[in-house]
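Let's take a walk through this structure together, one part at a time. Have the sequence and the 3D view side by side as you read.

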Amino acid sequence: MTINLKTPEEIEKMRTVGALAGAQLEMIEAHIQPGISTGELDRICHEFTVNEQDAIPAPLNYRGFPKSICTSVNHVVCHGIPSDDKILKNGDVINIDVTLLKDGYHGDTSKTFIVGKPNVLAERLVRICQESLYLGISAVKPGGHLGDIGHVIQSHAEKNRFSVVREYCGHGIGTIFHDEPQVLHYGRAGTGVELKPGMTFTIEPMINAGRAAVKLLPDDWTVVTKDHKLTAQWEHTILVTESGYEILTHRSDDTIARCG
Ligand code: MF3
Ligand code: CO
Ligand code: CO
């Protein structure tokens, strides 16, 4: 496996596109209301990406994906396809996953929102998932290992009686959308690839309220929990620095520092 280390010039481009991806999630928040369709959210993001951010929505036509963002509602784990028929209602849980391409580099980030008034389980699942992402990020430092990240995420989820999806993982990112290495959200500390300054990858835990098992729907994209219970996901694009990490897709609502 060859994991290429980014040069300072490449890192600057990753910062630029990462900040745009984060800003897009900030932009879309106000639109997430009961009554709006996921198709409309997709159109708003597409227009914003192309017209305001002068960037390209990387999911559009990626391996045949038909839309510009992924919208995954309730028991949909990931890769939900936006649709004018899918209208959000009070209490829904929706992950919005945006990936932008600008100047040859990708920024990939997602956040789970609760529509209208949250119920207790949804709020707890979404919070534990966000915390597990932050714990994974906090484990990033040169000399550490990818297994350190998976270990803290799995421990936090399972301690709270939730489960970690195994079939999908984080990934190296740069000029290539999904590059090496694979970043598993479970595992043992001290195992796997050693982290080095200049590596860029995503961490994107999918945490289920019920069992870990998932299945792929016949559209070949939409991934759902087998037991149809609730699921959540949060994602950031991370740079390994000389002293720890930098969150390239950091937002103003993040409750973890951009660098650590
Ligand atoms: N953004 C997703 C990820 O985190 C990938 C979406 S691929 C798509 O890796 F084709 F479904 F958009
Ligand atoms: Co990703
Ligand atoms: Co993503």
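Start with the largest nonpolar core, which has 32 residues, with I137, V140, I149, F201 and I203 making the most contacts inside it. A nonpolar core here is a set of buried Ala, Val, Leu, Ile, Met, Phe, Trp, Tyr and Cys residues joined through side-chain atoms within 4.5 Å, and buried means under 20% relative accessible area (exposed is over 50%, partly exposed in between; 1.4 Å probe, protein chains only). At least two residues of this core come from each of α3 (120–138), α4 (146–159), β9, β14 (236–240) and β15 (245–247), and α3 gives the most, with 8 residues. Helices (H or I, at least four residues) and strands (E, at least two) are DSSP runs, numbered from the N terminus.

Before going on, a word on the ground rules. This is a predicted model, where local features need pLDDT of at least 70 and side-chain atom pairs count only at pLDDT 80 or more, while totals for chains, interfaces and linings use all residues. Residues are numbered from 1 along each chain as its sequence is written, chains are lettered from A and ligands numbered from 1 in the order in which they are written, and side-chain values use heavy atoms, with hydrogens and water left out.

Now zoom in on I149. Setting aside neighbours within four places in sequence, I149 is in contact (heavy atoms within 4.5 Å) with G136, A139, V140, V183, L195, F201 and I203. Apart from this core lies another, of 27 residues, including L41, A55, V98 and L239.

Next, the metal. Which residues coordinate the cobalt ion (ligand 2)? They are D108 (OD), H171 (NE2), E204 (OE) and E235 (OE), at 2.0 to 2.2 Å. Donors are N, O and S atoms within 2.8 Å of the metal (3.2 Å for Na, K and Ca); water is not among the atoms, so sites may look incomplete. Along the chain, the donors follow the spacing D-x62-H-x32-E-x30-E. The cobalt ion (ligand 2) sits 3.3 Å from the cobalt ion (ligand 3), and D108 coordinates both. D108 lies in strand β5 (residues 105–114) and E204 in the loop between β9 (200–203) and β10 (206–208), so the pair ties together parts that are 96 residues apart in sequence. D108 and E204 are both buried.

Finally, look at the open sheet of 3 strands, in the order β6-β10-β13 with antiparallel pairing. Two strands pair if DSSP finds at least two bridges between them. The edge strands, β6 (163–164) and β13 (231–233), each pair on one side only.
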